[in-house]
Amino acid sequence: MTYQESLDYLTSLGRFGIKLGLERTQALLHALGDPQELLQGVHVAGTNGKGSVCAMLASILQTAGYRVGLMPKPHLISYTERIQVDQRPIAEADFAALLTELQPVITAVAAEHGPPTEFEILTSAALYYFARVGIDLLVCEVGLGGRLDSTNVLDLGIEVITNIALDHTQHLGSTLEAIAAEKAGILKPDSVAITAAQPPALAIIESVARERQIPLLRLGNEIQVAVIDKEWAGIQVTVTTPADTYRDLRVPLLGLHQAENAALAVAAIDGLRSRGWDISDGALRDGLARTRWPGRLEVIDRHPIVLVDGAHNPAGLERSLAAVRTLAKGRPVVIVFGAMKDKDLPSMLAQLRAMEVPVIFSAIDWHRAAAPTQLAAAFGGAADTADSAAAAISRARERAGANGIVLVCGSLYLVGEAIALSRARERTRVASRG
């Protein structure tokens, strides 16, 4: 298959939607020689912050000299982002060759267990690829929930549950306790668990850790963090774990909420050290300072500043809007917003109204996206709509003026479109200079 043919094949499986459960993934991996059994590292679940914690860990471990596999979710622009070695996405030709090789296995598993989903195939393909190319450590982000997520075939030794808020309630349950029970499903015997979850969700995670007889390090208890907001330069944190105190760590990601993510990443590094991995304090410090994580309060343009943020639930959006308020310092702000239909739209629209700034609702080229007119009607007031991300961002830039800030938020799909537009504009600029 060519790369495009491999994408067509993969997305044709999207019609099987989300099917929670491990049976099909286990069958695929077993047919591939159970590559997941070779892997160690960190498995990260939680409502918000998973990707940031993964990015910090990958950066630290790479700085320590390890070859690191990374499985972020979802991709922003290309499916190749889902399978990374040393934070470089798999080449398109390798992706196509991988799916071509797996196709007979997928067909055989489908005959016996029903068709695997797109996500189950991507998970299996990634783990098979990592085992084949040889990595030292894997940093894997859970797709949805934990207990029945296809990544839960992994037993990497360290599990992080970032936090628990209401999201994906149609799959995970409508209470914080029910969602916590799903996410705590990644905890394995003989591992180390780390969390920033708060009551009432925390009690569920504590109960599962006791049941598994594993240590649980909790932010606010065994882990402490103090933070200084360096605004556009990121944050500076001091993290205390049972192992040590790490002072004045620099994190270039924007927003005070990244302090919580940094503390979890530092505790996970301590966990890996306790399992025999050699990671110096210098690698920890330098790796954190070099962290890059596209699409999370990322500056993609200037004059005006265009910030993109993938927050797509009320808890995540609240943190992002708070950060933007701090960063704006009286400058004009214009928000471009788009979201999926299945999200808690009333709560997010209420947060946007409270910002008291112009909002432009953008279409998103994705079948689950809410229509801009529907969002504008629910928002009320003088809301504007645009039939594409390009039109929405162009209009927002005009309204913000050269000294203003445009925030693109509400969906990682919208953020992906904004980043793709920015890269295309940059390529045009470079070409015209040449």
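This note covers the cysteines and the salt bridges of the structure.

1. The model is predicted, so local features need pLDDT of at least 70, side-chain atom pairs count only at pLDDT 80 or more, and totals for chains, interfaces and linings use all residues. Residues are numbered from 1 along each chain as its sequence is written, and side-chain values use heavy atoms, with hydrogens and water left out.

2. A disulfide is a pair of cysteine sulfur atoms within 2.5 Å. The count here is 0. The sulfur of Cys54 has its closest cysteine sulfur in Cys140, 7.2 Å away, which is too far for a bond. Cys54 is buried (under 20% relative accessible area, with exposed over 50% and partly exposed in between; 1.4 Å probe, protein chains only), at 1%. Cys140 is buried too, at 0% relative accessibility.

3. Salt bridges number 17. Each is a side-chain nitrogen of Lys or Arg within 4 Å of a carboxyl oxygen of Asp or Glu.

4. Glu120 lies in helix 5 and Arg24 in helix 2, 96 residues apart. Helices (H or I, at least four residues) and strands (E, at least two) are DSSP runs, numbered from the N terminus. Glu120 is buried, at 1%. Arg24 is buried at 9%.

5. Glu101 and Arg132 form a salt bridge at 2.5 Å, N to O. The pair links helix 4 to helix 5. Glu101 is partly exposed at 37%, and Arg132 is partly exposed at 44%.

6. One network of salt bridges links Asp301, Arg397, Arg425, Glu426 and Arg429.
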